[in-house]
Amino acid sequence: TCFPCAFGSGTGPDGDHSKCVSCPSGTFSDKTGAPCDLCRPGTYSNATGASACINCAAGTFTAFYGSEKCFNCPPGQFTSQSGQTKCGDCPRGTYKGPSDTKCVSCPNNGDSPPGSLSVHDCVRVVLPITGLKRPTLDSVSDRDVTVSWSAPDNAAQMDIFQWIGVITDTTTGQQFFDLADELTMTFEDFLQPARNYSVFVIARNERGFSDASPALTFTSKRAAPRLESYTASGGTTDSVWSLNDKVTLVFDVDTNQAGAGDKTAVDAVLTFSRPIGTAYTATWTDARTMEITITAGDFNNPLASPLIFLDSVTVTGNLLTSDGNSARCRDQAHLQGDWGRVAQTPFSSVSGASPQMNEDGGCFSLAQSGVTTASSAFDKQVTVTVVAGAGR
C-alpha cells in the first residue's frame with residue numbers, strides 16, 4: 001500500500017518511492033501526496049520542508065525558479081510591491097545609490113532622469129513663478145502703509161530672489177514701486193489722508209518676472225489731530241509753579257478725548273519733557289481742549305518747576321479724531337503762558353499840589369517842583385512806603 005507524503009515533503013528526486021523526504025530549499029509542496037515543486041519567480045524558500053514559497057519583499061526581486069533568496073534591486077532601480085520578478089527605474093527627480101534601500105528624492109526639489117544612480121545626477125530646476133497671493137494689510141496711517149504676503153506654493157522650486165511692490169492712488173492714478181527681499185514692504189510718506197489705494201506684488205527669478213498678484217485695496221486714515229498749543233496758567237496769588245496751576249492743550253479738530261482722568265491716564269497719552277507735577281488730573285472742556293490741573297508737586301524746589309518756552313509735551317498715546325478713523329497724533333509743542341501773576345492794588349484816586357503826579361502800576365510818584373503835601377485814596381487797605389530823597 002502506498003502512503004501520501006505530507007505537506008512540505010515528497011519522494012526523492014532519484015525516483016525512490018520507498019520514503020518521503022522534506023522538500024529542499026527553493027521548493028515546496030502544498031498538497032499531500034504531491035511532489036516538491038520549484039518556487040516561482042518572485043518567490044523563494046530558504047528552508048527545507050516548505051509548504052509554500054515566500055514573496056520577495058518590496059525593494060527585492062528574483063527572476064528565477066527555485067530561488068532560495070531574493071536580491072536587492074540594483075542601483076537606480078526599485079520596486080514598491082512584493083513578489084516582483086524585476087525592478088523598475090527610479091522615477092524622475094529621484095536616485096538610488098548602492099547603499100540606498102529605496103529611491104531618494106533629489107534635494108531642493110531638483111530634477112534627475114529616471115534610473116539615476118547618485119545625487120550627482122540631480123540638477124536644480126527653476127520653475128516659472130506662478131500662483132502669487134494677494135497681499136494683506138498689516139498697518140496703515142494717513143501717510144504710511146505696511147503690507148505682507150505669503151510665498152506661492154512650490155516657492156522652493158521658483159528660486160525667487162526679488163519682490164516688487166506697486167501701490168496706486170486710485171483717485172489720481174499715481175503709482176509708486178519699491179523693492180524687497182522678504183515678504184513684507186512699507187511704503188513711507190506716500191499716502192494722502194482718507195484716500196483709496198491698491199497694492200499688488202510681482203516676483204522675479206532667473207527666468208524672469210511673474211504676473212502681478214491679486215490686488216489689495218484699502219483706504220488711508222484721516223489726518224491725525226494737530227496739537228496747536230500747550231499753555232500754562234496760574235492764579236493771582238503767586239507767579240510761580242504751584243498747587244492747582246493748570247496746563248491746557250488745544251487741538252485743531254475734535255478728538256476721541258483720550259487721556260482724561262488721573263496721572264496714569266494722562267501719562268498713557270502724553271509725555272512731558274519735564275514732569276509737570278507728581279499728581280494731576282485731566283478733563284476735556286470740549287472735544288478739542290484738554291485741561292490738566294496739577295494737584296501735587298515738589299513746589300518748594302525751583303529746579304523742579306517746568307520752564308516756560310523750554311519744556312515741551314509730546315503726544316505719544318492713542319489720540320485720534322472723534323470718529324477714531326485717523327492716524328495717531330504725534331505732535332510736540334513747547335510750553336507757553338505763565339504760572340500766574342500777582343494782582344496789583346489799583347488807585348481809586350490820587351491828589352496833590354502838583355499836576356505832574358502820575359500813576360505807575362500801583363505805585364505813585366510826586367514831581368519835585370514845589371510839592372510839599374499829597375494825599376491818595378485806595379480801594380482797599382494797603383501799606384504805603386514813602387521814600388525821601390534830596391529835594392523831596
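The model is a predicted one, in which local features need pLDDT of at least 70 and side-chain atom pairs count only at pLDDT 80 or more, while totals for chains, interfaces and linings use all residues. Residues are numbered from 1 along each chain as its sequence is written, and side-chain values use heavy atoms, with hydrogens and water left out. In secondary structure, the protein has 1 helix and 32 strands. Seen by its cysteines, the structure holds 7 disulfides.

**Overall picture**

- Helices (H or I, at least four residues) and strands (E, at least two) are DSSP runs, numbered from the N terminus.
- The protein has 392 residues, and 34% of them count as buried; buried means under 20% relative accessible area, exposed over 50%, and partly exposed in between (1.4 Å probe, protein chains only).
- About 22,500 Å² of the protein is accessible surface, and carbon and sulfur atoms account for 50% of that; these areas come from the Shrake-Rupley method with a 1.4 Å probe, and for residues only the protein chains shown count as cover.
- Taking contacts (heavy atoms within 4.5 Å) between residues at least 6 apart in sequence, 52% join residues at least 24 apart.

**A five-stranded sheet**

- An open sheet of 5 strands runs in the order β24-β25-β22-β21-β28, with mixed pairing.
- The edges are held by β24 (279–286) and β28 (336–337), and each has a single partner strand, so one side of each is left without a neighbour in the sheet.
- Strands of a sheet pair through backbone hydrogen bonds, either parallel or antiparallel.
- For β24 and β25 (residues 289–296), the pairing is antiparallel and covers 7 bridges; two strands count as paired if DSSP finds at least two bridges between them.
- Across that pairing, Tyr280 stands opposite Ile294 in β25.

**A nonpolar surface patch**

- Leu307, Phe309 and Leu310 make a nonpolar surface patch of about 320 Å².
- Patches are made of residues with over 30% relative accessible area and no salt bridge, with like charges joined within 9 Å and nonpolar side chains (Val, Leu, Ile, Met, Phe, Trp, Tyr) within 5 Å; a salt bridge is a side-chain nitrogen of Lys or Arg within 4 Å of a carboxyl oxygen of Asp or Glu.
- Leu307 sits in the loop between β25 and β26 (312–315), and Leu307 is partly exposed, at a relative accessible area of 33%.

**Disulfides**

- A disulfide here is a pair of cysteine sulfur atoms within 2.5 Å.
- The sulfur atoms of Cys39 and Cys53 are 1.9 Å apart in their disulfide, and the torsion about this S-S bond is about -85°, so the disulfide is left-handed.
- This pair links distant parts of the chain, 14 residues apart, with Cys39 in the loop between β4 (37–38) and β5 (43–44) and Cys53 in the loop between β5 and β6 (54–55).
- Cys56 is joined to Cys70 by a disulfide (S to S 1.8 Å), left-handed with a torsion of about -80°.
- Cys56 lies in the loop between β6 and β7 (60–61) and Cys70 in the loop between β7 and β8 (71–72), so the pair ties together parts 14 residues apart in sequence.
- In the disulfide of Cys90 and Cys103 the sulfur atoms are 2.0 Å apart, and a torsion of about -80° makes the disulfide left-handed.
- Cys39 is buried, with a relative accessible area of 0%, and the value is also 0% for Cys56 and for Cys90.
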